[in-house]
Amino acid sequence: MCRCRQRWHCMVPGRTIGTVVDVGDGTTSVVPIYKGTPATAAIASVDFAGCDMVEYLASALNVSDRKIAHEIMEKVCAVSPNMGKETINNLDYKTSTGSIVTIGAERFRCGEAMFNPSVIGHQQIKPLHKLIVESVAACKERTLKDLYAYIILAGGPTTLNGFAERLQQELTTLVPSGYRCKVVTAQHPNLTVWAGGCMVAQSPLFQQSWITKKEYEEHGVEIIHRKCV
């Protein structure tokens with residue numbers, strides 16, 4: 001199912017080649033896709049994503065309601081191009097429940113965690129940009145140019161202001177010479193799986209995967225493995 005999700009992300013803009021970076025709630029995954037087929041051996045993932053960012057905010061801001069912490073992340077947090085040089089000013093945010101939460105460096109530290117996980121205490125987690133480069137590097141050399149040229153972001157945390165720009169900045173320093181990388185954000189990062197799935201369902205090739213009632217009654221579960229897996 002994971003590989004299908006990433007393939008559908010890539011299909012939304014009508015492309016079949018690219019590297020999908022999906023920052024979900026519990027997992028961040030990198031899936032290089034070439035001509036509609038995921039490079040299975042190169043897929044990389046870490047159990048570090050949106051929920052870790054939200055939990056950090058809830059703890060740092062002493063917010064007991066996880067939904068409010070998630071709201072603060074979406075409405076207030078941003079990713080700095082250079083956390084060390086960022087001017088930090090406290091900001092009072094009025095939540096949907098009417099309470100006032102004062103947020104300072106946490107506003108930037110939350111998103112910084114994807115590029116430097118140690119800032120929120122996760123020293124063993126690999127930074128997102130390094131995960132991407134290692135994943136793409138594991139693909140066939142002839143595909144690298146195209147995989148670096150179209151890196152599409154999906155998932156709620158990637159919509160943080162400055163996220164795509166920071167990732168572009170980090171990747172530019174890591175990508176081998178001779179290759180150019182371009183990071184783009186899906187038009188609707190939270191809906192790309194659904195939209196891509198709709199496109200797949202309308203594809204002539206997908207018709208071959210349909211299973212009729214008659215086929216299922218005749219072959220049972222085996223027909224699913226034969227046509228869909």
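Q: Which residue in E4 does Ser 29 stand opposite?
A: In this predicted model, the residue that stands opposite Ser 29 is Ser 45, which belongs to E4.

Q: What makes E2 and strand E4 a pair?
A: Two strands pair if at least two bridges are found between them, and E2 and strand E4 (residues 44–46) have 3 bridges in the antiparallel sense. The count of 3 meets the cut-off, and therefore the two strands are called paired.

Q: How do you know that E2 and strand E3 pair?
A: Strand E3 (residues 37–38) is joined to E2 by 2 bridges, and the two run antiparallel.

Q: How many bridges join strand E1 to E2, and in which sense do they run?
A: Strand E1 (residues 18–23) is joined to E2 by 6 bridges, and the strands run antiparallel. Within this pairing, Gly 18 stands opposite Ile 33 in E2, and the hairpin formed by E1 and E2 has 4 residues between the strands.

Q: Why is strand E2 called mostly covered?
A: A residue is buried when its relative accessible area is under 20%, and among the 7 residues of E2 (residues 28–34), 6 are buried, so the strand is described as mostly covered.

Q: Why is Arg 66 called partly exposed?
A: Arg 66, which is found in helix H3 (residues 66–75), has a relative accessible area of 38%. Buried means under 20% and exposed means over 50%, and 38% lies in between, so Arg 66 is partly exposed.

Q: Which residues is Arg 66 in contact with, leaving aside its neighbours within four places in sequence?
A: Arg 66 is in contact with Asp 25, Cys 51, Val 54 and Glu 55. As for Cys 51, 15 residues apart from Arg 66 along the chain, the C-alpha atoms of the two are separated by 9.3 Å.

Q: Why is Val 221 called partly exposed?
A: The relative accessible area of Val 221 is 48%, and since this lies between the limits of 20% and 50%, the residue is partly exposed. Val 221 sits in the loop between helix H9 (213–219) and helix H10 (222–227).

Q: Which residues form a nonpolar patch on the surface with Val 221?
A: Ile 211, Tyr 216 and Ile 224 form the patch with Val 221, and together the four have about 320 Å² of accessible area.

Notes:
Residues numbered from 1 in each chain as written. Predicted model: local features only at pLDDT ≥ 70, side-chain atom pairs only at ≥ 80, totals over all residues. Heavy atoms only, no water. Buried < 20%, exposed > 50% of the residue type's maximum accessible area, 1.4 Å probe, protein only. Contact = heavy atoms within 4.5 Å. Patch = residues over 30% accessible without salt bridge, like charges linked within 9 Å, V, L, I, M, F, W, Y side chains within 5 Å. Areas by Shrake-Rupley, 256 points an atom, 1.4 Å probe, with all protein chains shown as cover. Salt bridge = Lys/Arg side-chain N within 4 Å of Asp/Glu carboxyl O.
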